[in-house]
Amino acid sequence: MRGPEFIYRVGFLLMPEFSMSAVMLAIDTLRLANKALSKNVYSWTTLASKPGEVTGSNGLDLNAQRAFTDADEFDAILVCGGVNIQKYDDPAVTAYIRRKVAHGADIGAFCTGSFVLAKAGLMNGYRCTIHWESIPALIEQFPDVEVVSELFVADRNRLTCAGGVSVIDLMLNIISQQKGWDVATTVADDMLHHRIRTENEGQRMDLRSRSGIAHPKLLRVIADMENNIETPLSCSKLANNVCLSTRQLERLFRTYLAVPPTKYYLRMRLGRARFLLQQTSLSIFDVALASGFISASHFSKCFREYFGEPPSGERRRNQSISPSTLELVG
């Protein structure tokens, strides 16, 4: 039983090319909770396969204080992901986090770290989230995992968040549950974090804010496109959904976006395909299907025309750093 003097010990497991901002924000939130309570109720340690420097996605190094192989005393292990998470697969990491789960520890992930938990089979029967850009890739690779587009998810002892500043909200909610709302708000105020967001809030700005478009029918069509990548809607269907003719829809896109709707939609689907090629091990044919193409040859032709190289070239270039060359420490 956790008494009043209990210290919640957190291990931050640094993956190659981890997100530096997520780790720093999480640690600082815990530090300020200690400050608010005038005593150490949280402790933290950075972990890797061996002590030493780990290079983040920003090219800067962070010192891993200990090897995770001899770190069994932690109450929570948070897997800190970043870019190129699919290139890294270490059975020792999988074995370690499975062991920690068996011992009753809280297990979590920042940014793309949810891939590591899913690969270990630790998200089966649990809800989880991941950075919005990686949601399609996680769903494609682990179709049985319930993936949501929320800021963070605390499902029993599984703690996942999208990364970025959502880390602050996850940590503040942990602090609120463990130490009280007044402590969490004091920390938020100290961090100039104006509002503690709840886990069911979305990750992205609304479409109007991020697109700079105010036309309601155009916004609805773009939203329909984003929600129907794998099974694209026809122009007539898109137009009909907003009570326009196809000619009116064409005019709307050319006026506001300087491209026809078919080209805009194709560009969106190719962007999804490129991300899946970079961040998953899906076959090129499966990437084509997930991006709304029923023909691999047509997909390859469109991809080459837009990006200047075939899908196989994108895959080879992204795999130029093999998993064997990636280590948890630099």
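Where is the place of Leu 159?

A: Happy to! Leu 159 has its place in strand 11, which covers residues 158-161; helices (H or I, at least four residues) and strands (E, at least two) are DSSP runs, numbered from the N terminus. A word on the basis: residues are numbered from 1 along each chain as its sequence is written, and side-chain values use heavy atoms, with hydrogens and water left out. The model is predicted, so local features need pLDDT of at least 70 and side-chain atom pairs count only at pLDDT 80 or more, while totals for chains, interfaces and linings use all residues.

In a regular strand, side chains alternate between the two faces of the sheet. Here, Leu 159 and Cys 161 point one way and Arg 158 and Thr 160 the other, and all are buried (under 20% relative accessible area; exposed is over 50%, partly exposed in between; 1.4 Å probe, protein chains only). Leu 159 itself counts as buried because its relative accessible area is 7%.

Now the neighbours. Strand 11 pairs in the parallel sense with strand 7 (residues 106-110) over three bridges, where pairing takes at least two DSSP bridges; Thr 160 is the bridge partner of Ala 109. Strand 10 (residues 152-155) runs antiparallel to strand 11, joined by four bridges, and Phe 152 is partnered with Cys 161. These two strands form a hairpin with two residues between them, and Arg 156 in the turn has a positive phi of about 55°.

Beyond four places away in sequence, Leu 159 touches residues including Ile 107, Ala 109, Val 153, Leu 170 and Ile 174, a contact being heavy atoms within 4.5 Å.
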